[in-house]
Amino acid sequence: MNRREILLAGLAGTSLMGLPRLAVAEPEPKLLTVSKRVLEVKGRAATVYGLTGPDGKPGLSMMFGEHFRVRVKNDTDSDTIIHWHGLTPPFGQDGVAMYGEPAIAPGASKDYDFANTRAGTHWMHSHMGLQEQQLLAAPLIVNEVKQPVFDDHEHVVMLHDFTFRNPQEILAELQGGGGAHAGHTMHGSSQGMDHSQMNHSGSNAGGGMMQGMAGMMGGAGMLNDIVFDAYLANDRTLDDPEVVTVEKNTTLRLRIINGAAASNMWVDLGAMEGELVAVDGNAIYPMKGSLFPLAMAQRADIRLTIPAEGGAFPVLFRPEGVRARTGIIVASKGAAIPRLAGEGDMAPALDLSQELLYRAVAKLPQEPVNRTEMLMLTGGETNYLWGLNGEADPAQPLFTMRQGERIAVMMHNMTGMAHPMHLHGHYFKVMAIGKTVIDGALRDVVLVPPMESVTIVFDADNPGSWPFHCHHAYHMNSGMMGTVGYTSAA
Ligand SMILES: [Cu+2]
């Protein structure tokens, strides 16, 4: 849109009226390049993926109303494909191999071209194997025109969990771990922790769990099943955090994306209070607080007000069940930048106590729900085999729907781990948490904690065949991915 070329087609000739004839050429697609790059983490070099836009920076930003016209070029030696997480493209352009489109071969390109209807903080990531764990992810920001009216500054933060290991080896170890993974009781003990523990040092049940479990399989019991080498905020650790410089007496919108493959996190504003104004790119009525949950693949837009006296304000990102953390520092010009320790108190498990309070600004139309589907989140006890309704076969639809229906899905987590569940091609409203019916947030990922249930509702308005899966990359690659379909072609 910003580079729309208008060509004077009639330079040589003239039209009937003697005026030059105007022809509008289609704009060139925005080029997104998938490549390999070397990233230094804690003084050690690692080869990871990069995903850069036309300006050489990670990801893309565009205006709401702008057509999504993007060319993905694969400059690596592996097949890849990039999913537009948060957008609702037509079937075949969602960026998931085997769902109406092939993977992009090494050296090849693929063009995407559709009318984008979703504004907000979104992202893009590989939907192939465990490439997302190797940082093949980037922001996808769709700006609303009104945005600058509300916020003086904005800044995007992409979070990752990081390992120097080959993720395929980690997956093989998990899958070879046999019954060692079972542990419903482990999570039960962690659930009792309250948030006040975030402000206390010293040991607790969680710390003991970590010591009690061995190596890879340990993690923090059922909170994490992988031990990571680092957590990254915009590719940096707290040894050398990003400093975001702002003016005094202004507002800053942080667009935070949890791009971690296997880590739910807390956003911890410390002494500062912020306002959560959008989740997964969808506005909610602002919610004040200093601690906000952010499950894998979720996004949070948090508005900070920088006081008139200025200062330096650490914003920490704290994965549940571990002491390690990452962060950025928001600072007014000239403020002294504090040194921050890479470890702090152990962060407790995420829960849905805040989700219960979110209220969407935009509502789904008030219509009855046509049908409620039950979805059991299953497995995890033997050989790291996860499932949906006990199945592990994406070729078998979980359920089908007709265009125009309003479908509720009641998800029951029968396992010992929390699962951030993501539906492609649609966005949904959180309709109930357990038995409590709410007029909740509009989202595309919702966390379903162990032995709890969450009900979502959405409009079947995008015919095709769509993945419905846990966004924990290792669960997804071990059976917790299914398909929802439409009964007849539109
Ligand atoms: Cu999961």
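User: Is K363 buried, partly exposed or exposed, and what is the relative accessible area that decides this?

Analyst: Buried means under 20% relative accessible area, exposed over 50%, and partly exposed in between, with a 1.4 Å probe and protein chains only. K363 has a relative accessible area of 41%, so K363 is partly exposed. This is a predicted model, in which local features need pLDDT of at least 70, side-chain atom pairs count only at pLDDT 80 or more, and totals for chains, interfaces and linings use all residues. Residues are numbered from 1 along each chain as its sequence is written, and side-chain values use heavy atoms, with hydrogens and water left out.

User: With which residue does K363 form a salt bridge?

Analyst: Side chains of opposite charge can pair when their charged atoms come close. The term salt bridge requires a side-chain nitrogen of Lys or Arg within 4 Å of a carboxyl oxygen of Asp or Glu. K363 pairs in this way with D439, the closest N and O atoms being 3.3 Å apart. The two lie 76 residues apart: K363 is in the loop between strand 21 and strand 22, and D439 is in the loop between strand 28 (436-437) and strand 29. Strands here are DSSP runs (E, at least two residues), numbered from the N terminus. D439 is partly exposed, because its relative accessibility is 27%.

User: How many salt bridges does the structure hold, and which residues are linked in a network?

Analyst: The structure holds 26 salt bridges. D280, R299, E355, R443 and D444 are linked in a network of them. Within it, the side chains of E355 and R443 meet at 2.9 Å, N to O. E355 lies in the loop between strand 21 (326-332) and strand 22 (371-379) and R443 in strand 29 (residues 442-443), so this pair ties together parts 88 residues apart in sequence. Both E355 and R443 are buried.

User: What is the distance between the closest N and O atoms of R406 and D459?

Analyst: In that salt bridge the distance is 2.7 Å. R406 belongs to strand 25 (residues 406-413) and D459 to strand 31 (residues 453-459), so the pair ties together parts 53 residues apart in sequence. R406 has a relative accessible area of 4% and is therefore buried.

User: Which protein donors does the copper ion have?

Analyst: Donors are N, O and S atoms within 2.8 Å of the metal (3.2 Å for Na, K and Ca); water is not among the atoms, so sites may look incomplete. For the copper ion, the protein donors are H419 (ND1), C470 (SG) and H475 (ND1), at 2.0 to 2.1 Å. Their spacing along the chain is H-x50-C-x4-H. C470 counts as buried because its relative accessibility is 0%, and H475 counts as buried at 0%.

Notes: Helices (H or I, at least four residues) and strands (E, at least two) are DSSP runs, numbered from the N terminus.
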